[in-house]
Amino acid sequence: MTLPTQTYTITRADLVRYAQASGDHNPIHQDESVALSVGLPGVIAHGMFTMALAARAVTTWFPDAEVLSFGCKFTNPVVVPADRGVDVEVAGEVKPGDDGLTTVVLTVTCGGLKVLGMPRAVVRA
Amino acid sequence: MDQTLIGRVFPATKPYSVSEEKVREFVTATGGTYDGGAAPATFPIVLAFDAMNAFLEAESIDLFRIVHGEQKFSYQRPVRPGDVLIATLSVASLRQIGGNDIIGTTSEITDEAGALVCATSATLVHRAAAE
């Protein structure tokens, strides 16, 4: 079963708020010059911010479910420009298991490019 | 970084009291609304990140050279306001690809009774300085 795709916009201001809320003050998520100095294409979103958006989609799809596991790789950076937001799309497919658990196979893209590798959550719906 | 790091267990983080305020701040920062109850699935990163920072400091690794490669959470139960949690980080693997160190870590997040709440593994990519 295909779940309704969720679209979220990420801005630099979101990254500042997320840094404060999570404690992750890595300057590659705030400061263009630091990001460029370590070979990144620009300021990038925290991978965990993108993963949190993916988790938000799972909660939207399964509001009362307990999440048993959740994981992904960070395969491509989400570059966040200084002057505008960037959209991240979270799509999901449901794979029911015979153990009463549901696996949610996610596809998380930015500009058509997958930014998370193998994102999946197992929930008890 | 040398291979003797593998298997090293670092000191547990200071106890962290999960408050409704912190959970709400986290939910709001990720665009959601919080009406009480369990924290979102990625909230335990707050503890895991604290443990990672202590590890980086102990090993004199610059945070700005770290890029996140992978993160997995396995939950025994949801985190809730009122929980007092600690994280204990250990180094699971270490390899080098293209001059970058790929560090595999595992953090176990436990409650006051010592029960495991969440086990989380992270792959950290330590980007080498430019030539």
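Begin by selecting Asp111(B), which at 16% relative accessibility counts as buried, where buried stands for under 20% relative accessible area, exposed for over 50% and partly exposed for what lies in between, with a 1.4 Å probe and protein chains only. What you have open is a predicted model, in which local features need pLDDT of at least 70 and side-chain atom pairs count only at pLDDT 80 or more, while totals for chains, interfaces and linings use all residues. Residues are numbered from 1 along each chain as its sequence is written, chains are lettered from A and ligands numbered from 1 in the order in which they are written, and side-chain values use heavy atoms, with hydrogens and water left out.

**Stop 1: around Asp111(B)**

Keep Asp111(B) selected and follow the chain to either side: the residue sits in the loop between β4 (100-110) and β5 (116-126) of chain B, the helices (H or I, at least four residues) and strands (E, at least two) being DSSP runs numbered from the N terminus. If neighbours within four places in sequence are set aside, Asp111(B) is in contact with Arg77(B), Val84(B), Leu85(B) and Val117(B), contact being heavy atoms within 4.5 Å.

Asp111(B) and Arg77(B) form a salt bridge whose closest N and O atoms are 3.4 Å apart, a salt bridge being a side-chain nitrogen of Lys or Arg within 4 Å of a carboxyl oxygen of Asp or Glu. This pair links distant parts of the chain, since Arg77(B) belongs to the loop between β2 and β3 (84-97) of chain B and Asp111(B) to the loop between β4 and β5, 34 residues apart.

Which residue also forms a salt bridge with Arg77(B), the closest N and O atoms being 3.0 Å apart? Select Asp83(B), which is that partner and which is buried, with a relative accessible area of 11%. With the three selected together you see Arg77(B), Asp83(B) and Asp111(B) linked in a network of salt bridges.

**Stop 2: another salt bridge in chain B**

Over all chains the rule counts eight salt bridges, and another to select is the one in which the side chains of Arg8(B) and Glu59(B) meet, at 3.2 Å from N to O. These two also come from distant parts of the chain, with Arg8(B) in the segment before β1 (16-17) and Glu59(B) in the loop between α2 (45-58) and β2 (66-75) of chain B, 51 residues apart. Arg8(B) is partly exposed at a relative accessible area of 36%, and Glu59(B) is likewise partly exposed, at 26%.

Select Ser60(B) next, which lies in the loop between α2 and β2 of chain B. Ser60(B) has a positive phi of about 55 degrees although it is not a glycine, and it is exposed, with a relative accessible area of 67%.

**Stop 3: a strand residue in chain A**

Move to Met118(A), in strand β6 (residues 116-124) of chain A, where phi is positive at about 50 degrees although the residue is not a glycine. Met118(A) is exposed, with a relative accessible area of 60%.

**Stop 4: where the chains meet**

Within chain A, select Ala21(A), Val38(A) and Met48(A), which supply 21% of the area that chain A buries against chain B, more than any other three residues. The contact takes 32 residues from chain A and 30 residues from chain B.

How many salt bridges does the rule find across the interface of chain A and chain B? The rule finds zero salt bridges there.

Colour α1 (12-22), α3 (47-61) and β2 (66-74) of chain A, the elements that give two or more residues to the side of chain A that touches chain B. Of these, β2(A) gives the most to that side, with nine residues.

**Stop 5: the nonpolar cores**

Finish with Ile10(A) and Phe55(B), which touch the most other members among the 74 residues of the largest nonpolar core, a core being a set of buried Ala, Val, Leu, Ile, Met, Phe, Trp, Tyr and Cys residues joined through side-chain atoms within 4.5 Å. Not counting residues up to four places away in sequence, those that Ile10(A) touches include Leu15(A), Phe49(A), Leu53(A), Val78(A) and Val88(A). A second, separate core of seven residues includes Ala35(A), Val38(A), Leu40(A) and Val67(B).

Methods: Buried area is the accessible area (1.4 Å probe) that two parts lose on being put together, summed over both.
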